[in-house]
Amino acid sequence: MDYDDVAVGDLAPERSLTLTRTDLVKYAGASGDYNPMHHDDVQAKEVGLPSVFGHGMLSAGFLATALTDYVGIGRLTRYKVRFAKQTWPGDVLTTAISVTAKRSEGGRQLVDLDCQLLNGDGVAVVVGEATAAIPGGAA
């Protein structure tokens, strides 16, 4: 990506993932987050949930990967998210990333991005914003 080739309103390519129970178990092992609400259906149902649900940080990580795929590794200068809804096994999660602004600051060319992770109903489960330093253009 080159700064001169980016315009406000540009959309990053969508990335999709169908969340599986195996994803939850693998993420629990990698992160050390063994909260039973992410892997034990019996306990999840005992507290009134329909089943186990996804780790928020797993969703945020999937969205971050789509961001770095778009802007390039090592270019994110800021990434902030809010977990809006739970994710469930079987959910198809799709990224939605758009360029909201371009600016020059401190000798760097910056691109601001709106980023969301949507479930199959189009509801945002993660909502965020990011900034990336993009080479090119007049600094």
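Me: Which residue lies over the face of Y3?
Reply: This is a predicted model: local features need pLDDT of at least 70, side-chain atom pairs count only at pLDDT 80 or more, and totals for chains, interfaces and linings use all residues. A charge sits over a ring if NZ of Lys or CZ of Arg is within 6 Å of the ring centre and within 35 degrees of the ring normal. At 4.2 Å from the ring centre of Y3, the residue over the face is K102.

Me: How many helices and strands does the protein have?
Reply: Helices (H or I, at least four residues) and strands (E, at least two) are DSSP runs, numbered from the N terminus. Along the sequence the pattern reads β-α-α-α-β-β-β-β. The count is three helices and five strands.

Me: How many aromatic pairs does a search of the whole structure find?
Reply: Rings of Phe, Tyr and Trp (its six-membered ring) pair if their centres lie within 6.5 Å. The search covers the whole structure, and the number of aromatic pairs it finds is one.

Me: Are the rings of F53 and W88 stacked or edge-to-face?
Reply: A pair of aromatic rings is described by the distance of the centres and the angle of the planes. Planes under 30 degrees apart count as stacked, over 60 as edge-to-face and the rest as tilted. The centres of F53 and W88 are 6.0 Å apart. Their planes stand at 70 degrees, so the pair is edge-to-face.

Me: How many residues apart in sequence are the parts tied together by F53 and W88?
Reply: F53 lies in the loop between α2 (41-46) and α3 (56-71). W88 lies in the loop between β2 (76-83) and β3 (92-105). The pair therefore ties together parts whose separation in sequence, in residues, is 35.

Me: What does W88 count as, by its relative accessibility?
Reply: Buried means under 20% relative accessible area, exposed over 50%, and partly exposed in between (1.4 Å probe, protein chains only). W88 has 22%, so it counts as partly exposed.

Me: Where does S51 lie, and which residues does it touch?
Reply: S51 lies in the loop between α2 and α3. At 11% relative accessibility, S51 counts as buried. Contact means heavy atoms within 4.5 Å. Not counting residues up to four places away in sequence, S51 touches R21, D41, A44, W88 and P89.

Me: Is K85 buried or exposed?
Reply: K85 is found in the loop between β2 and β3. It touches V123, A124 and V125, not counting residues up to four places away in sequence. Its relative accessibility is 51%, so K85 counts as exposed.

Me: What separates the C-alpha atoms of G90 and T20?
Reply: G90 has its place in the loop between β2 and β3. Leaving aside neighbours within four places in sequence, G90 is in contact with T18 and L19. G90 and T20 are 70 residues apart along the chain, and their C-alpha atoms are separated by 5.9 Å.

Me: What is the relative accessibility of I97?
Reply: I97 sits in strand β3. Its contacts, not counting residues up to four places away in sequence, include L11, L63, L67 and L113. I97 counts as buried because its relative accessibility is 4%.

Me: How far apart are the mean positions of the positive and negative charges?
Reply: Lys and Arg count as positive and Asp and Glu as negative; His and the chain ends are not counted. The place of a charge is taken as NZ of Lys, CZ of Arg, CG of Asp or CD of Glu. For the 12 positive and 17 negative charges, the mean positions are apart by 3 Å.

Notes:
Residues are numbered from 1 along each chain as its sequence is written. Side-chain values use heavy atoms; hydrogens and water are left out.
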